[in-house]
Amino acid sequence: MSRAALRPDLARIAGWIADGSRVLDLGCGDGTLLAHLRDAQQARTIGVEISDQHVIECARKGVNVIQQNLEDGLALFEDGQFDTVVLSQTLQAVHNTERILLEMARVGREGIVSFPNFGHWTHGLSILRGHMPVTGQMPYQWYNTPNIHLCTLKDFEALAAKLDLRILARATFADDREISWLPGWRSTLAVYRFASPMAHGARAA
């Protein structure tokens, strides 16, 4: 699969990963990103996924995957084992947000995370009307949502600073379009690339 055929946020993530990198994808889904990185960028890849169906789909793609709950941590991986650790549209669904980010920084030189932007203007409008937002990025009702830690761009940047994660790059999307103007209000999805405190010499692309 070419990068152009990937979902726009996954294409941006792939663009931040150097050819031949060691990549860990947490909550890797059906393995689409890892298969692309392996085939098009010669990356050495492994995924972690809890869903039985997604693990089967990864296996069909020949993607190396470990079935495990991210809440159990990353103890099976060594410090600095990976060049890049990816957590795509999963951060908002983990219970211990700080722990998973610190674990990403421990096992990888860089991390990439993406999450729905709760600061999007339509969310505020929904709350003013008396209802929790239901959108394409957050298509659940309040009573059945897996999203337990929603945040805005500034919220994540404040947490990254607290954890000493140096932000190298940011991309923001309005549905399937990458945008740059008023991203805090207009973006539905944010993607961040950060350097581990233990890594040296990381540079933004």
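Good morning. The largest cavity in this structure is lined by L70, E71, V94, N96, R99 and I100. Please bear in mind throughout that the model before you is predicted. By class, that lining consists of three nonpolar residues, one polar residue and two charged residues. The space inside the largest cavity amounts to about 50 Å³. When the whole structure is searched for cavities of 30 Å³ or more, one is found.

The largest nonpolar core has 29 residues, and L24, L26, L101 and F156 are the ones that touch the most other members. Several elements each supply at least two residues of this core: the strands β1 (22-26), β2 (44-49), β4 (82-88), β5 (108-116) and β8 (189-195), together with the helices α4 (97-107) and α6 (153-162). Which element gives the largest share of this core? That element is α4, with five residues. Apart from this core lies another, of 23 residues, which includes L6, L10, A43 and C58.

Is V85 buried or exposed? Its relative accessibility is 0%, and V85 therefore counts as buried. Leaving out residues up to four places away in sequence, V85 touches L24, L26, M104, V107, G108, E110, G111 and I112. V85 and D25 are 60 residues apart in sequence, yet their C-alpha atoms are 5.8 Å apart in space.

My last topic is the aromatic residues. A pair of aromatic rings is described by the distance between the centres and the angle between the planes. The count here comes to four aromatic pairs. One of these joins F77 and F82 in an edge-to-face arrangement, with 5.4 Å from centre to centre and 75 degrees between the planes. Both F77 and F82 are buried.

A further pair is formed by F115 and F156: the ring centres are 5.2 Å apart and the planes stand at 40 degrees, so this pair is tilted. Because F115 lies in strand β5 and F156 in helix α6, the pair ties together parts that are 41 residues apart in sequence. F115 and F156 are both buried. Ring pairs also bring in Y192, linking F115, F156 and Y192 into a cluster.

Which residues does F156 contact, neighbours within four places in sequence aside? They are L91, L101, V113, F115, C151 and Y192. Thank you.

Technical notes:
Residues numbered from 1 in each chain as written. Predicted model: local features only at pLDDT ≥ 70, side-chain atom pairs only at ≥ 80, totals over all residues. Heavy atoms only, no water. 1 Å grid on protein atoms, 1.4 Å probe; cavity = no way out; pocket = protein on both sides within 12 Å on 5 of 7 lines; lining within 4 Å. Points joined across faces, edges and corners; volume = space filled by probe spheres on them. Nonpolar A, V, L, I, M, F, W, Y, C, P; charged D, E, K, R; others polar. Core = buried A, V, L, I, M, F, W, Y, C linked by side-chain atoms within 4.5 Å. Buried < 20%, exposed > 50% of the residue type's maximum accessible area, 1.4 Å probe, protein only. Helix = DSSP H or I, 4+ residues; strand = E, 2+ residues; numbered from the N terminus. Contact = heavy atoms within 4.5 Å. Phe/Tyr/Trp six-rings, centres within 6.5 Å; stacked < 30°, edge-to-face > 60°.
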